[in-house]
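Reader: I have a chain on screen and want to learn how to read it. Where do we start?

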Amino acid sequence: MHHKYSNEQKQFIYDHVKGITSIELTKLFNAHFELDITPKKMKAFMGNHNLTNGVDASFKKGREPINKGKKGMFNVGGNKTSFKKGQQSVNTLPLGYEAVKSDGYVYIKASMIGRDYRDMWTRRSKVVWESVNGILPTGYYLLHLDGNKTNDETSNLKAVSKAEMLIINKQKLIYDDPKLTASGVMIAQVLDKTYKSINKIQSPKNHEQEGAND
């Protein structure tokens, strides 16, 4: 399937292409944007945009193979320094590595194990908030009070429910001033309770009960 690169993704490739192989660049790109494009697609992009990495991976005549005299060097279960099954590549981004993703939030690598990048990366804001407040309740989101998604100071983070977040976005209650946004959150909470009370009154079940009491 063809991947359409955003301007941010293109710039990332331009900034990181030099000095690493296309395979290493692909791993770095996928980790940063939580994608799974193949090295073949990365090579195609580089070719279409006349990009070179400056890495000569060809084998020169007369040069000894790196694994000469080292039986099993590149085989699982070979000599002591061979790559073991399940072992992380030296090119794997380390735990704690931070990156700004395409959604504008800062993500931190929290695990070296997972089915895909979503299992290994989490928003830094969540890590910061939970370090002070405990596990974020299911169905709740973290709102940046000053509107800056990269400002993950505890004082700038507010946990809101999904319903409250919908109201906040619909009513445009996020401002550059954290105090104004905090007031907007309180307005959303009041509106949410009001909407729920109205829906409860208007629900068919309540009408049936009223009819039974008449």
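Author: With strand pairing. Two strands pair if DSSP finds at least two bridges between them. The model is a predicted one. In it, K109 stands opposite W121 in β3.

Reader: Over how many bridges do β2 and β3 pair, and in which sense?

Author: First the general idea. Strands of a sheet pair through backbone hydrogen bonds, either parallel or antiparallel. Here, β2 (residues 106-109) and β3 are joined by 3 bridges, in the antiparallel sense.

Reader: What is the order of the strands in the open sheet?

Author: The order is β1-β2-β3, 3 strands with antiparallel pairing. The edge strands are β1 (98-100) and β3 (121-123), each pairing on one side only. On average, neighbouring strands are turned by 35° against each other, direction ignored.

Reader: Which helix packs on the sheet?

Author: Helix α5 (residues 124-133) does. It touches β1, β2 and β3. Its direction makes about 70° with that of β3.

Reader: Now helix against helix. At what angle do α2 and α3 pack?

Author: Read the angle together with the axis distance. Helix α2 (residues 22-33) and helix α3 (residues 39-48) pack at about 105°, and their axes are 9 Å apart. Angles of 65 to 115 degrees count as roughly perpendicular, so α2 is roughly perpendicular to α3.

Reader: Which residues of α2 and α3 meet?

Author: From α2 come S22, I23, L25, T26 and F29. From α3 come P39, M42, K43 and M46. By type, the contact of α2 with α3 has 6 nonpolar, 2 polar and 1 charged residues.

Reader: What is H16 in contact with, leaving aside its neighbours within four places in sequence?

Author: L25 and L28. A polar atom of the H16 side chain also lies 2.8 Å from the backbone oxygen of F12. The C-alpha atoms of H16 and F29 are separated by 8.9 Å, and these residues are 13 apart along the chain.

Reader: Finally, the whole chain. How many helices and strands does it have?

Author: It has 8 helices and 5 strands. Along the sequence the pattern is α-α-α-β-β-α-β-α-β-β-α-α-α. Of the 214 residues, 29% are buried. Take contacts between residues at least 6 apart in sequence: 41% of them join residues at least 24 apart.

Definitions and conventions
Residues numbered from 1 in each chain as written. Predicted model: local features only at pLDDT ≥ 70, side-chain atom pairs only at ≥ 80, totals over all residues. Heavy atoms only, no water. Axes fitted to C-alpha atoms, helices over the stretch in contact; angles between N-to-C directions. Helix = DSSP H or I, 4+ residues; strand = E, 2+ residues; numbered from the N terminus. Parallel < 35°, antiparallel > 145°, perpendicular 65-115°, else oblique. Contact = heavy atoms within 4.5 Å. Nonpolar A, V, L, I, M, F, W, Y, C, P; charged D, E, K, R; others polar. Polar contact = N/O pair within 3.5 Å; in protein donor to acceptor, adjacent residues only side chain to side chain. Buried < 20%, exposed > 50% of the residue type's maximum accessible area, 1.4 Å probe, protein only.
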